[in-house]
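Student: I've just opened this one and would like to walk through it with you. Can we take it piece by piece?

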Amino acid sequence: MNDDRPVLLETRGTCMHLTLNRPKALNALSHTMVRLLDEALARAEQDEAIESVLLSGAGDRGLCAGGDIRALHDDARASGRASLEFWRDEYRLNARIARFPKPYVALMDGIVMGGGVGVSAHAGIRVVTERSRVAMPETAIGFVPDVGGTRLLAAAPGELGTHLALTGRSVGAADAILCGLADHHVPARLLPALTEALGKPPGPGASVADIVQGFATDPAAGELAAQRDWIDDCYAADTVEDIMRKLRASGVPAARTVVDDLLTKSPLALEVTLAAVRRAARLDSLEAVLDQEFRVSSRAFEHPDFVEGVRARIIDKDNAPQWKPGSLAEVDDQEVARFFAPLGPGEQELALAPGSADTSVRDGQDGQGGQGG
């Protein structure tokens with residue numbers, strides 16, 4: 001008999017095994033799933049019998065394709081607020097995972113995108129396989145990378161994170177490790193044995209990390225290391241327009257294909273994403289970044305590009321979104337700054353970082369003042 005619970009919880013020895021269980025929806029996260037995960041981790045943190053946590057996804061297509069985009073789209077069309085409460089709880093879960101005091105192992109097998117990155121790439125031990133495709137593809141639907149993704153991408157070597165944030169391109173195992181999104185490559189065929197081994201207490205002097213390392217192998221070669229020269233040069237520019245000019249002028253065929261790709265994305269989402277990654281690099285904690293991302297997500301949720309992007313890419317699948325504004329030249333600096341300003345009356349900040357209320361006001365004023373100057 002199939003178990004239709006959205007999150008399966010099983011304790012194997014000293015390991016709590018959490019399984020995202022919506023395989024037909026590629027384990028897309030619902031609000032219920034976020035709450036169940038948070039409750040399970042809160043229990044595991046306090047239970048002395050639990051020494052580690054393992055996260056995996058049901059089915060063979062991926063860990064998690066992200067949040068439930070259709071539900072978010074429908075809520076936005078109806079001018080609802082449920083999505084903001086979903087993000088509030090999701091971002092708090094992301095922070096809990098990053099600060100979890102016991103070994104948290106995430107099996108990032110198959111597709112790992114958006115919210116799937118949030119529940120895995122902040123883990124202490126992150127495992128990819130030859131089937132892994134890791135991405136933050138939000139700009140394609142008029143949205144901006146969130147779930148702490150802007151912090152992860154800002155920390156990637158050189159400008160690799162900027163490249164991935166703007167294009168939304170997925171990476172395999174080697175490139176995920178290079179960019180700091182994962183730690184170990186384990187062949188998919190060995191995951192059952194790894195799962196079984198994690199259910200047993202480590203031997204004397206060993207650790208959970210040692211167990212995972214015992215299954216790790218070298219991944220197949222990636223692509224990004226060989227592209228660092230033109231990526232680091234072009235993406236160091238100050239605006240998306242300047243980045244695209246440098247990509248065109250680079251003389252590198254792969255760079256020119258990136259230009260064509262970027263032209264299909266929401267111009268406003270691209271500029272906000274670039275600003276978000278650059279700002280994230282200057283913030284001193286994941287919590288501060290999540291506070292920033294909550295403001296940005298709240299504003300992106302209100303903007304018509306999000307509903308239009310989901311319609312064009314996921315619902316109607318005509319791949320012909322009508323973005324507003326329609327070009328990078330029309331993107332207003334003050335509109336970009338508004339995404340980072342404090343939330344208005346009747347809205348509640350995420351406020352994860354200590355003193356975040358004061359910080360958000362200063363950030364917002366600085367951003368607005370800078371744009372006005």
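Student: Let's start with a cysteine: is Cys-15 buried or exposed?
Tutor: Keep in mind that this is a predicted model. Buried means under 20% relative accessible area. Cys-15 comes in below that cut-off with 3%, so it counts as buried.

Student: And which cysteine sulfur is nearest to that of Cys-15?
Tutor: A search of the whole structure turns up 0 disulfides, and Cys-15 is accordingly in none. A pair would need its sulfur atoms within 2.5 Å. The nearest cysteine sulfur is 19 Å away, and it belongs to Cys-64.

Student: What about Cys-64, buried or exposed?
Tutor: Cys-64 is in no disulfide either, with the sulfur of Cys-15 at 19 Å as its nearest. The cut-off for buried is under 20%. Cys-64 has 0% relative accessibility, so it counts as buried.

Student: On to the sheet. In what order do its strands run?
Tutor: The sheet is open, with 6 strands and mixed pairing. β1 (7-12) and β9 (184-185) stand at the edges with a single partner strand each, so one side of each has no neighbour in the sheet. Reading across, the order is β1-β2-β3-β5-β7-β9.

Student: How many bridges join β1 to β2?
Tutor: The two strands run antiparallel, with β2 covering residues 15-20. Leu-8 sits opposite Thr-19, and Leu-9 has Leu-18 as its bridge partner. The count of bridges between β1 and β2 is 6.

Student: Which residue in the turn between β1 and β2 has a positive phi?
Tutor: β1 and β2 make a hairpin, with 2 residues between the strands. The phi in question is about 65°, and the residue is Gly-13.

Student: Helix α1 packs on the sheet, so to speak; what angle does its direction make with that of β2?
Tutor: Helix α1 spans residues 31-46 and touches β1, β2, β3 (52-57) and β5 (104-108). Angles here run from 0 to 180 degrees between N-to-C directions. For α1 against β2 the angle is about 175°.

Student: And what angle does helix α9 make with β7?
Tutor: Helix α9, residues 208-215, also packs on the sheet. Its contacts are with β3, β5, β7 (125-128) and β9. Its direction and that of β7 make an angle of about 15°.

Student: Which two residues does the cis peptide bond at Pro-325 join?
Tutor: Pro-325 lies in the loop between α15 (304-315) and α16 (333-338). Omega at the cis bond is about 0°. The residues joined are Lys-324 and Pro-325.

Student: In that loop between α15 and α16, where does Asn-319 stand on phi?
Tutor: Asn-319 is placed in the loop between α15 and α16. It is not a glycine, yet its phi is positive, at about 50°.

Notes:
Residues numbered from 1 in each chain as written. Predicted model: local features only at pLDDT ≥ 70, side-chain atom pairs only at ≥ 80, totals over all residues. Heavy atoms only, no water. Pairing = 2+ DSSP bridges. Helix = DSSP H or I, 4+ residues; strand = E, 2+ residues; numbered from the N terminus. Contact = heavy atoms within 4.5 Å. Buried < 20%, exposed > 50% of the residue type's maximum accessible area, 1.4 Å probe, protein only.
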